[in-house]
Amino acid sequence: MEKRSFHEKVWIGIVFAVFVIYSVTLIFPFVWCFYNSFKNNTEFFLDVWSLPETWRFSNWADSFLLSVNGVNILGMYGNSIFMTVCCTGISILMSAMTSYIIAKYKFPGSGIFYSAAFVLMMIPSMGSMSAMYKLYNDLGLYDTYFGILLGSFGGFGTGFVLLYGFFKNLDWGYAEAAQIDGAGHYTIFFRIMFPMALPGIVSVAILSAIGVWNDYFTIYMYAPSKVTIAVGLQGLVDQMKYSANYPLLFAVMLISLIPILTVFAIFQKTIMENTTVGGLKG
Amino acid sequence: MNAHRESAPSREGRADRKKAQWKRALFIFSFIAIPLLHFTLFFIYTNADTIFLSFQTFDNSTGGYKWVGFRNYTEFFTSFVQPYSILPKAVRNSIYFFLLNDFVILPLSFFAAFFLYKKMPLGNVFRILFFLPSIISVVVLTMLFSFMFDSSIGVFDSLLRSLGLGEHIPELGWFGDRRTAMPLLLVYCIWAGIGYNVVLLSGAMSRIPQEIIESGRLDGMSMSREMWSITLPLVGSTISTLLMMGVTVIFTLFMQPMLITNGGPSGETYTIALYIVNSIRSEGNLTMGATVGILCALVGTPIVILVRKILEKTFPIYEY
């Protein structure tokens, strides 16, 4: 047990109080939206603070009737799930393959890749957005699922840097043993190295999936009619400026949070540990 | 099985080795061909085309792009110096966001992370709560924040009114008033951004070996001494990464103003990146977006390199 001076105890007390206040500001908006989502619109505008007199579940049911750009909530969920699964799957496989090659195979120029990947991570992609937008239009990829999926075939992103570390630390002895038994390069990767790196790969995949699920900008910019839940939610916020039905909006918002909070509840430790190592773009 | 390794350089052995080398090369190629192609198209080509686009303009009569020399650049600078131009505001705000990140959020996060690391009661509960904004979509976070300060439903306003401070509420709402919109956006960035830094920094602190701190404690080291002389230098590399991310914010931050105010009122909350996005998406002016992108690269690259150099000097990496 560490002994603390009075001075230090006072500081801890002050910081604790600040932490509590900050935590309340983080939780309160969700709680407020939650209980207000059971009111009808008139009751909500009458008093935004009070608890609902009767708990109506109609908003939660009605939310499935809303639509943005002709896509309803279920459609948005479909798009979100499709993009999250496919984009994450593709990008993880690509980064795993690329980082495996760079970490375990020497060939002319292989050294450049690793440092290049690091430099590239630092360069903001904002500048080339015009050209990217033009490319999507020129190739007919604009507003297509294929275009969005094609965007995830890159092997040199954040995933590369994290997975490079995992593969670098794997013992090559297993591969040599397999080689003696006649296993080829593909067998070694898919049957030995990939399964061994799986814990690392899964945690990178979870982080990446959260990013895709929450992604607003890619769809807004390159495929506005393929409305995902994040894009749809913002669309609904804009709709509410004309027909203010806030309790309904709260219900939709809370529904959109269920998957992400479930994943966080299950993988909380993995997610937080890997964030402190790798970083997650918010 | 492994004959080619031991056998003398017989003809068969050499052929075998050659075959193995081919197999190996083919394997390498098959694994990195797609990412390389992707990289060529989505990085090299788009960056080259950005340079081209900045010297071109869209020709409505032909439906293609034609060369116009430096016209986009002169257009940019003329509109920059025009009265009521949003561009100076965009540059100013982008710098505000950088200053906020590096000189407000980061010091506060370091301080908070240190206390969290020093066995704060309920530490793990705080850690999870602080992390929540990092996994929730920015759409949801900006939505909640605007609700709180909304003029018709906002709980902040009703709180002020019940305290008898109702007359301080701006007529056009907090996000509609030119004086309050930008400060409130900065508040949003603190609210939504600080938790991530705290979790990242306290994670880095927990990796500091316990022996170093214990030996210091035995010498009667105070907590503030520990914070400055041990913790700060030992998490230096994390801090310099975060400082670096704060610098790039100048050129990349746009989501928060786009979703909360969309640059309004009268351009008060524009940022450089939001200007690029809106040129492309709302005005269809790709060439202006590219021009601003090139200017950012010209100004930004030396800044980023310089800051990196300074950070490497200030926060040397300690191995432990």
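## Two domains in chain A

The centres of domain 1 and domain 2 of chain A, taken over C-alpha atoms, are separated by 33 Å in this predicted model. Domain 1 covers residues 6-61 and domain 2 covers residues 68-278, according to the domain assignment of chain A.

The two domains of chain A touch: ten residues of domain 1 are in contact with eight residues of domain 2. On the domain 1 side, at least two residues each come from α1 (6-36), α2 (41-46) and α3 (58-62) of chain A. The largest share, three residues, is supplied by α1(A). By type, this side of domain 1 of chain A has four nonpolar residues, five polar and one charged.

## A helix contact between the chains

Helix α6 of chain A (residues 129-138) meets helix α2 of chain B (residues 11-54), with axes that come within 8 Å and cross at roughly 105 degrees. Angles of 65 to 115 degrees count as roughly perpendicular, and α6(A) and α2(B) are therefore roughly perpendicular to each other.

From α6(A), the residues in this contact are A:Ser130, A:Ala131, A:Met132, A:Lys134 and A:Leu135. They meet B:Thr46, B:Asp49, B:Thr50 and B:Leu53 of α2(B). Four residues of the contact are nonpolar, three are polar and two are charged.

## Confidence

For the complex, the predictor gives an ipTM of 0.89 and a pTM of 0.89. Chain B has a mean pLDDT of 88, with 96% of its residues at 70 or more.

Within chain B, confidence is highest in helix α4 (residues 86-117), at a mean of 94, and lowest in helix α1 (residues 3-6), at 47. The pLDDT is below 50 over residues 1-7 of chain B, a stretch with eight contacts in the model beyond near neighbours in sequence.

Notes: Residues numbered from 1 in each chain as written. Chains lettered and ligands numbered in written order. Predicted model: local features only at pLDDT ≥ 70, side-chain atom pairs only at ≥ 80, totals over all residues. Axes fitted to C-alpha atoms, helices over the stretch in contact; angles between N-to-C directions. Helix = DSSP H or I, 4+ residues; strand = E, 2+ residues; numbered from the N terminus. Parallel < 35°, antiparallel > 145°, perpendicular 65-115°, else oblique. Contact = placed C-beta atoms within 7 Å. Nonpolar A, V, L, I, M, F, W, Y, C, P; charged D, E, K, R; others polar. pLDDT = per-residue confidence, 0-100. Domains from an automatic or database assignment.
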